Amino acid sequence: SNPFEVKVNRQKFDILGRKTKNDVGLPGVSRSKAIKKRNQTLLKEYKEREKTNVFKDKRFGEYNTKITPEEKMIRRFALERQQNYGKKNIYSLNEDEELTHYGQSLAEIEKLNDIVDSDSDTEERGTLSAELTAAHFGGGGGLLRKKVSSEQQDEEEEKPKSRKELIEEMIAKSKQEKQERQTRRESALELTEKLDKDWKEIQTVIARKTPKSERKDKEVEKPKPDEYDMIVRELGFEMKAKPSERLKTEEELAKEEQARLQKLEADRLRRMHGIDEEAKKKRPSHMSADDLAGGFILDKDDRRLLSYKDGKINIENEEEEGEEEDNENEEESQEESAGEDEEEDAADSHSDLESDLESEGEAAGNKEEKKHKTNENESQNVEKLDPKREAAKSELPYTFAVPESYETFKSLLAGRTIEQQLIILERIQKCNHPSLAVGNKAKLEKLFGFLLEYIGELATLDLPELRTIDKLVLPLYNLCQMFPEAASDSIKFILRDAAHELEEVIEVKGRATFPGLDTLIYLKIVSLLFPTSDFWHPVVTPAFIYMSQLLTKCRITTLQDVIKGLFVCCLFLEYISLSRRFVPELINFLLGVLHISLPKSQAQGYTVVHPFTPVGKNLELLLVCDKDDLKSWEKQHVPLSIVTRLKETSSTEINHTRLSCLALCFDLIKKCATLYESLPSFHEIMHPVRILLTQHVPVNEYPEKMQEWYHSALKELENKVKHYTPLVCEKKKPVPLKQYTPKIVKVLEFGRKQAGSKKEQERKQLIQRHKRELKGAIREIRKDNQYLARMQLSEIMERDAARKRKVKELLGSLATQEGEWKAMKRKK
């Protein structure tokens, strides 16, 4: 290293006790160490970033530079011996192990001492005599050198036996031994059978019954079972849970329902045409002479159950049942025999080839008589079946096709009761479910529109059928659940037409009247089919706006308008029961209803908003002056159908209707008070209603029940406590006066450690250390990123250089080729 490049950090003053770091530093030493370390770690990871088959040496101490290679080898050898200690390789045959087969040593089996005799079936199977083994496995010399006693040696030496004699002798001995073993086995079997028989005879004598006294003692001695044991036994004997049937899908249920309805319709048509299926089943089928009754099936269980009566077998019931069965069988056999006789007569008449012309004429006459008889029988049967046919014709069909037009739909329901209409609509939906065919969805969507139109037509009658409409809402709801988009489109179309009609009438006449009952019923149906609590809904929101326009733009000129307006108010409360929206049109209309119920003298001192006017001929529309009508009035609901028949009613009924409308107004005010009590501006909203009720309404002139309704509404308005703080202007802090006294501010001396507690000092030290470590980590990360960027740049430059070199080589080769080609061309 160059001494002139050595960097020395000098201090002005030497302070005792202060440790100095890096007094002398060589340039580039720390940097070269860092680069070397990054080459070993970062560069290695960078090169192996996309490789999965990296070889990693997991031997002991491979990457530990502190251990010498000799120590590594010694430790590895020790670990290998330690792992293999106590383990034996079961597949190595070089070790001194005793190999076995079925528990026997292979070394002993190889000696072939135990040979199995295939002829012997006894328990001593495989045992052979020593002579036989010596003869077969002794090498052949044993046949000629047989051991004999000392007395017979001389005789045998004189007369030696031949090989054939010896083998025959050996075979005879083996057969004799086999026979003896068989006789021993048979004798043992006979003895065991005899012992079994003797034991059965003795067993009855040995059996002894214990007396009752001893039994009782034993029963007393028996310990009572523990509760836990009893519960365990009960659980063991309990019924195991059986798997329930799989829940069927909507498509499967629709298919089953369609099949059921088709079957019922087929049965109805069969009954309507007079075809009896049971009679067909009872008729005996024709049997040929070659029939062997192969398809015989026993339909009836003829087994008789054993029964006892007074300790004796009950035979009477069996005899009676047998007699009844015999009678039935006899009747059937008589019918069959009669049929067979007729067939035989007919066959004889047809097969008689030697008959004269007279006999042929008689046969023809007999045939005509038979035909007449059959016709008479058929006519009688038809007369008997007529009631069944009429009943079948009067029944509703079980299967219906979806009507293609409104006229066909109307003809289907015309002249039917409400229940029948509901059944027809239900069967149309089940027989034409969308999952059964491709075009059923579009057909049922049309059915929803037809049903809406039919409901509107029922509402526009002189006497509207509101009960029928109420029942028809259920199939309408089912169709809406199946096809929500089509249902919303059809109802939006109706609401759009009604709104356009209202706007056109206002443009032409300058004022509008309330719509008919059909539109009001459609608004009611909207609340039943769609959710009214949503912040915005494609059907409910337009209906909401349309109802608010009705309450603000339609003038109140008749009692019918008042009833329709109150109906819209009830719908509003139904719409906002969950969302609790504030509807100013509702409060304004209720205020106007109170206004038209006051006499002209008291209708002053407050403001009225359109569509109500402070003066005019419609001011006292709900005012009742007749005292008799006031006394005879009773609270009752105002039906919507009364709108069509108000002209035909008497004056007392009209007055009662006016009072009922006023009572309904009080009730709606009470409901609005409970609904809007949580609003901050509740008292401001309901203030004009409270003024009208307290100062202008003549309470004493109303009947007692009306006064009760009035006081309950007023009580709801006055008892509501203010749940909010009134609006107040924001208070500002007072501006302080200028003073000349100096403001002393503590100046911190930065660079020195401020005095404080031990915990605060430790906390500050930790914060400082954390900052220092964070800075160092950020610095190292930046250096790592720079190092990787340099490596990437060097790779790119190497690739570019190699590419340029190859391009130059290619261009050079092409230039040489071109030159050679030109030279060749010149020579030519």
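We'll visit a pocket and then a pair of helices.

Keep in mind as you click around that this is a predicted model.

Stop 1: Select F567, C570, V638, P639 and L640. Of the 27 residues lining the second largest pocket, these are the closest to its centre. The pocket itself has a volume of about 730 Å³.

Stop 2: Now show α17 (466-482), α19 (517-529), α21 (559-575) and α24 (651-675). Each of these helices supplies at least two residues of the lining. Which helix gives the most? That's α21, with seven residues. If you colour the lining by residue type, you'll get 18 nonpolar, three polar and six charged.

**Stop 3: the two domains.** Colour 394-482 as domain 1 and 483-719 as domain 2. Why does the pocket lie between them? Because both domains give residues to its lining.

Stop 4: To see the contact, show side chains for L586, I587, L590, V593 and L594 on α22, then L662, C665, F666, L668, I669 and C672 on α24. What kinds of residues make up this contact? It has 11 nonpolar ones, with no polar and no charged residues.

Terms used: Residues numbered from 1 in each chain as written. Predicted model: local features only at pLDDT ≥ 70, side-chain atom pairs only at ≥ 80, totals over all residues. Heavy atoms only, no water. 1 Å grid on protein atoms, 1.4 Å probe; cavity = no way out; pocket = protein on both sides within 12 Å on 5 of 7 lines; lining within 4 Å. Points joined across faces, edges and corners; volume = space filled by probe spheres on them. Helix = DSSP H or I, 4+ residues; strand = E, 2+ residues; numbered from the N terminus. Nonpolar A, V, L, I, M, F, W, Y, C, P; charged D, E, K, R; others polar. Domains from an automatic or database assignment. Contact = heavy atoms within 4.5 Å.
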